[in-house]
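Q: Hi! Could you walk me through this one? I'm still new to reading structures.

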Amino acid sequence: MRKIKVVLSEYDLNWEEQFLYEKRRIQKVIGHALLGIEHIGSTSIKGLKAKPIIDILLAVKSIEEVPELIEALSNIDYEYVPKLELMDRRFFRKGLWGQGTCHLHVCEYNSKEWNDKCLFRDYLRINPQAAKEYETLKEQLANHFQYDRQTYTKKKGPFIQKIIARAKVEDLL
């Protein structure tokens, strides 16, 4: 398996347009099953450096519905990627392995997964200092783990959990 380098890009105004384009396409093929669709991740936070991958969070009534969505999503180039470690969400990728353009995360509406991902995004959007801290951490990790994307992602976890806890204390839910 070849190693993919972690590369952070400057914020791109087109990321929001890319999300809206994907949102329309997803709604067209599985709109009947959607309870929510959100742009999450670093590309959803204006001014923040990010890997140029659009993260999309989809909410459904039950995670058990996901197998019924696989074919429709594959028709718009989303590949289902089974990940046994993901208990509360399902993952789809658009684009080749290591060169994806979109990541699609499907979970139940108002679940911990849904709430935490939206809460993290919302907190960084309204707290520029926290967003800057996150960007600095990402730059350090990208330099240190430039050919180890799994570790890069894993090492961001404690910061993300700290921000989610802080947001809950500050009652952003």
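Q: Is strand E2 (residues 54–60) buried or exposed, and why?
A: Seven of the seven residues of E2 are buried, so the strand is largely enclosed by the rest of the structure. Buried means under 20% relative accessible area, exposed over 50%, and partly exposed in between (1.4 Å probe, protein chains only). Helices (H or I, at least four residues) and strands (E, at least two) are DSSP runs, numbered from the N terminus.

Q: Where did the model come from?
A: This is a predicted model, where local features need pLDDT of at least 70 and side-chain atom pairs count only at pLDDT 80 or more, while totals for chains, interfaces and linings use all residues. Residues are numbered from 1 along each chain as its sequence is written, and side-chain values use heavy atoms, leaving out hydrogens and water.

Q: Back to E2: which residues point which way?
A: Ile54, Ile56, Leu58 and Val60 point one way, Asp55, Leu57 and Ala59 the other, and all are buried.

Q: Which strand runs antiparallel to E2?
A: That is E1 (residues 36–40), joined to E2 by five bridges. Strands pair if DSSP finds at least two bridges between them. Glycine 36, for example, has alanine 59 as its bridge partner in E2.

Q: And which strand pairs with E2 in the parallel sense?
A: E5 (residues 102–108) does, over seven bridges. There, histidine 103 is the bridge partner of aspartate 55.

Q: New topic: what does helix H3 pack against?
A: The buried residues of H3, including Trp114 and Phe120, pack against E1, E2, E4 (89–94), E5, H4 (128–144) and H5 (149–169). Contact means heavy atoms within 4.5 Å.
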